[in-house]
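Hi,

Here is the structure I promised to pass on. Please have a look at it first, and then read on for what turned up.

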Amino acid sequence: MTGFVRRYLLVVARFLPFAVAFLRDRRRFLLFGGQRRLDEGAHRRRAERMRDTMLELGPAFVKVGQVLSTRPDIVPPPYADVFGTLQDEVPEDAGGDPRAVVEAELGDELDLSTLETVAGGSLAYVYTVEYRGERIALKVRRPGLKSVIERDLQVVRALVPVIGVFVDERQKFSIRNAADDFEEIIVDELDFDRERAVMQDIRNNLADDDRVVVPATYEELSSERILAMDYLTGRKITDEDAFEGVDVTPHELAERIATIYLEMGLVDGVFHADPHPGNLAVTDDGRLLIYDFGMSERLSDRVQTDIIGLYRALVRRDVHELVDALIALEVLDPGVDRAEVGRVLELVIENLEGRSEVTWRAIITELTTMLQDFPFRIPPDVMLLIRVGTVGEGVCRQLDPEFDFLVVIRQFLVEQGFIERELEGMVEEAWTDAQRSLPALTRLPARLDRTLDRLERGELVVRTERANGAPQRDRLGYAVLAGALAITASILTVQDGPFAVVAGGLGAVFLVAYLVARRNS
């Protein structure tokens, strides 16, 4: 408990200046005064100081910053942009020496004299070591890190009520959900057994694609704290010499990154959610090499379908479909005012169409900004997909400043048949309606024939009294037929078929005939 209290007070002390700054943005003298107007540069400098503070506070807060970079419902765009640059760069000795873990778990299996350091992150370090005559890579979780993370997550949860005092009700809803999301994502990243299983699934899914390579894993050497895999090397995609002597251009690699990540998310349902430049490389034979699958996600079939609906709605600018997709993904509550949300989304589309350049980040920023008046949340799987889109688009535009992510999405949806499948679904639905209406169609001529036979034989007789001595037979016949056809149309409407329209139209004709006959009598 003493360690928790010390940590809590330290975190409060480190973030207190930022809390005061945000309060002064609302009231210059904290309790009174008008709002302060700061330019984007001032906000960006403040965001950079917050980012540096998160790095100093350690792994849990690095992950908090990374998650916040994909939560535009909580943080403004300048802060999201800066937090998105957090890439797990912390001192090697934070959390203890990972070599101790290798010695404890694999000391009898490997020649530890061949162990060499490759890279370090907030949660783990990567080494290479000799195994069966080849060098393999070991991703090793820092010893004692799990207890440190659990303590920091308790601190974050304890801070949520305090933060809630200073924000409006809508933001309280988002912050509470974000705190839950932090815990889920970080706990998943600590489990290397889970990462190995996800990594192997993605490798299997992409096995037939010679444009990309995912390292193979060694289950016999892996555990919850160690992930053993092939040691593959490449050039960081943003290095100046990344494309020298390889048969791929920056534009081609940008397209490749976008389509491969779309395939992982929309087709395979299991995807790598951290495509920043440190996790992507170009091999000597021009293939895309993907590292570090700690931040990854599996999607259910239902969520995959809903995500496809969201992408399709954005590409086609279909407001009604976009509302359906946001509700299906649990971003919006099912009881939300659909008409009001629809009007807001129409404004979003109008604002975007008025721009000379539309990006994925611009769409997400505009969408979340305009939905501020509605209670909404971003579930973890949707949040990670947003991260893939925003981070991935940033990487692609570093490779090719003219890269259009939306064009690639549209092409991908067409190539995969998602748009055609929608059309096929409409045709299938129309055919089903026709099949359901077929029995009524086959019975209608027989019924009409029997009715006309009875009229011809005089079995259907309508007896009326004369009014003012004038014959009523003709015009009453029109009235009877009009009424009968109106009832028939009402009955056929239940069948969802086309005959209700025909019966209604004939009924209208006989009604007009009745009115004309009455006027002329």
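**What was found**

Of the chain's 521 residues, 45% count as buried. Please keep in mind throughout that this is a predicted model. The chain contains 18 helices and 10 strands. Among its contacts with a separation of 6 or more, 67% are between residues 24 or more positions apart.

**Confidence**

Mean pLDDT over the chain is 79, and 76% of the residues reach at least 70. Strand 4 (residues 212-213) has the highest confidence, at 96, whereas helix 16 (residues 418-456) has the lowest, with a mean of 54. Where pLDDT is low, the predicted coordinates should not be read in detail.

**The cores**

The largest nonpolar core is made of 120 residues. Which residues have the most contacts inside it? They are F61, L253, I257, L266, L345, L371 and I409. Leaving aside residues up to four places away in sequence, L266 touches Q304, I307, I308, Y311, F412, L413 and F418. There is also a second, separate core of 16 residues, with L110, Y125, Y131 and Y218 among them.

**Rings**

You will find 7 aromatic pairs in the structure. One to look at is Y125 with Y127: the ring centres are 6.3 Å apart and the planes are at 40 degrees, so this pair counts as tilted. Both Y125 and Y127 are buried, and Y125 also belongs to the second core mentioned above. Elsewhere, F15, F18 and F61 are linked by ring pairs into a cluster; F61 is also one of the residues with the most contacts inside the largest core.

**Two arginines**

The charged end of R46 sits over the ring of F22, at 4.8 Å from the ring centre. The other arginine, R312, is in helix 10 (residues 301-316). Is R312 buried or exposed? Its relative accessibility is 15%, so R312 counts as buried. The side chain of R312 is joined to that of E321 by a polar contact of 2.8 Å.

Best wishes

How values were computed. Residues numbered from 1 in each chain as written. Predicted model: local features only at pLDDT ≥ 70, side-chain atom pairs only at ≥ 80, totals over all residues. Heavy atoms only, no water. Phe/Tyr/Trp six-rings, centres within 6.5 Å; stacked < 30°, edge-to-face > 60°. Buried < 20%, exposed > 50% of the residue type's maximum accessible area, 1.4 Å probe, protein only. Lys NZ or Arg CZ within 6 Å of the ring centre and 35° of its normal. Helix = DSSP H or I, 4+ residues; strand = E, 2+ residues; numbered from the N terminus. Polar contact = N/O pair within 3.5 Å; in protein donor to acceptor, adjacent residues only side chain to side chain. pLDDT = per-residue confidence, 0-100. Core = buried A, V, L, I, M, F, W, Y, C linked by side-chain atoms within 4.5 Å. Contact = heavy atoms within 4.5 Å.
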